[in-house]
Amino acid sequence: MDGANTLLQDLDDAIARGTDESRAKALWHATDLLITGRYVDDDISTFGEVIGRLADEIEVAARAQLSELMAVCDHAPLNVIEKLALDDEIAVAGPVLRDSSRIDEKLLVESAMTKGQEHLLAISQRESIGEAVTDVLVKRGNQEVVTSVAKNEGARFSGSGLLHMVRRAEGDSILAEQLGLRKDVPRHIFQQLISKASEDVRRRLETERPEMMSQIQSSVTEVTGDLQSKFGPSSRSYFVAKRVVTTQYRQGNLNQVSISNYARQHRFDEVQIGLSLLSSLPVDVIERALMDRNREMILVLCKALDFGWDTTMSLLFLGAKDHLITARELHDNERDFGRLKIETSRSILKFYQSRKNSAGADPVTGRQPELQVH
């Protein structure tokens with residue numbers, strides 16, 4: 001570390017009285033020492049101070065070259081990575097935004113929120129991208145950016161991010177097809193996409209994703225008609241679902257994750273039984289809450305159970321006609337859900353539980369026509 005310490009001591013003189021050539025020489029010397037050596041965190045921090053201060057004094061072309069080197073350095077100083085990533089020049093910021101393993105999600109979000117489309121495009125090409133970052137990309141990005149992130153198999157999307165992508169795919173056949181080809185798109189989102197896609201895109205996705213198209217067709221058939229005759233306690237499938245979910249509940253494994261998974265798979269029996277067990281409400285109350293066009297009760301129930309919005313959204317799609325919800329309705333539901341307070345929602349839930357208990361109904365098999373959900 002003597003070389004780096006010496007550089008740090010002489011830095012002020014180099015900046016104050018040195019030429020552009022001597023500063024660049026000092027920068028590359030410090031960079032070579034860092035890349036070729038093995039150092040502990042304190043040593044890397046020292047290099048970061050040296051390289052960061054010199055980087056302020058060099059031209060764009062030199063900063064771009066530095067960025068190329070730092071992007072592939074697995075122990076690049078964090079302050080240098082931040083300085084490069086937030087540079088207004090895409091030639092400087094691009095390499096680290098695309099390739100650096102040292103850049104964290106917070107910094108990626110900051111860049112995506114404050115920089116231009118070229119910066120967003122670079123981020124969209126990273127090997128992996130978290131939900132917080134893609135949420136910004138799909139809202140701020142232009143057509144090239146959103147198409148790029150849709151193609152990126154390492155990108156992860158939140159439920160609201162996927163819905164935003166579906167809305168942007170309306171009239172954009174390239175984006176619609178790329179989104180439809182993603183294996184991580186849940187069925188209810190895929191169905192939203194198909195309902196808005198052009199005939200050409202629909203035909204191509206039928207060829208590329210026949211299993212998804214088949215599942216959607218069967219699920220639409222299941223949900224239409226008399227739900228109680230199909231999903232009620234008299235059916236064999238209901239008793240199988242009841243046994244599985246009840247066992248899961250008794251073992252302490254029934255939770256938000258399992259309910260969300262059941263909803264995304266359109267397993268209505270498992271959802272209504274699971275929610276009944278978690279809320280101590282009869283199945284018929286849960287069913288009406290899921291199917292009621294007034295979504296207030298299901299929003300209250302989800303808030304009382306401390307479910308997140310993504311899980312709540314899956315339940316809303318499950319109960320919606322043909323599993324379709326307009327973007328405006330979904331936005332209104334998300335707004336209403338955000339305004340609900342957990343304490344208030346749990347008080348409402350306790351009220352319904354007390355009415356159930358006074359009638360002596362079983363939470364999974366009991367029928368209570370007198371209990372109304374408003």
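## Overall build

Of the 374 residues that make up the protein chain, 50% count as buried, and the model from which this value is computed is a predicted one. The chain contains 24 helices and zero strands, and its accessible surface comes to about 18200 Å², with 47% of that area belonging to carbon and sulfur atoms.

When contacts with a separation of 6 or more are considered, residues 24 or more positions apart account for 65% of them in the protein chain.

## An enclosed helix

Helix 22, which spans residues 309-319, is largely enclosed by the rest of the structure, because 10 of its 11 residues are buried. The buried residues of helix 22 are Trp309, Thr311, Thr312, Met313, Ser314, Leu315, Leu316, Phe317, Leu318 and Gly319.

## Confidence along the chain

The average pLDDT of the protein chain is 80, and 73% of the residues score at least 70. Among the elements of the chain, helix 8 (residues 117-124) has the highest mean pLDDT, at 97, whereas helix 16 (residues 227-231) has the lowest, at 42. Over residues 218-234 the pLDDT is below 50, although the model gives this stretch 31 contacts beyond near neighbours in sequence.

Residues 359-374 also have a pLDDT that stays under 50, and for them the model has 46 contacts beyond four places in sequence. Where pLDDT is low, the predicted coordinates should not be read in detail.

Technical notes
Residues numbered from 1 in each chain as written. Predicted model: local features only at pLDDT ≥ 70, side-chain atom pairs only at ≥ 80, totals over all residues. Heavy atoms only, no water. Buried < 20%, exposed > 50% of the residue type's maximum accessible area, 1.4 Å probe, protein only. Helix = DSSP H or I, 4+ residues; strand = E, 2+ residues; numbered from the N terminus. pLDDT = per-residue confidence, 0-100. Contact = heavy atoms within 4.5 Å. Areas by Shrake-Rupley, 256 points an atom, 1.4 Å probe, with all protein chains shown as cover.
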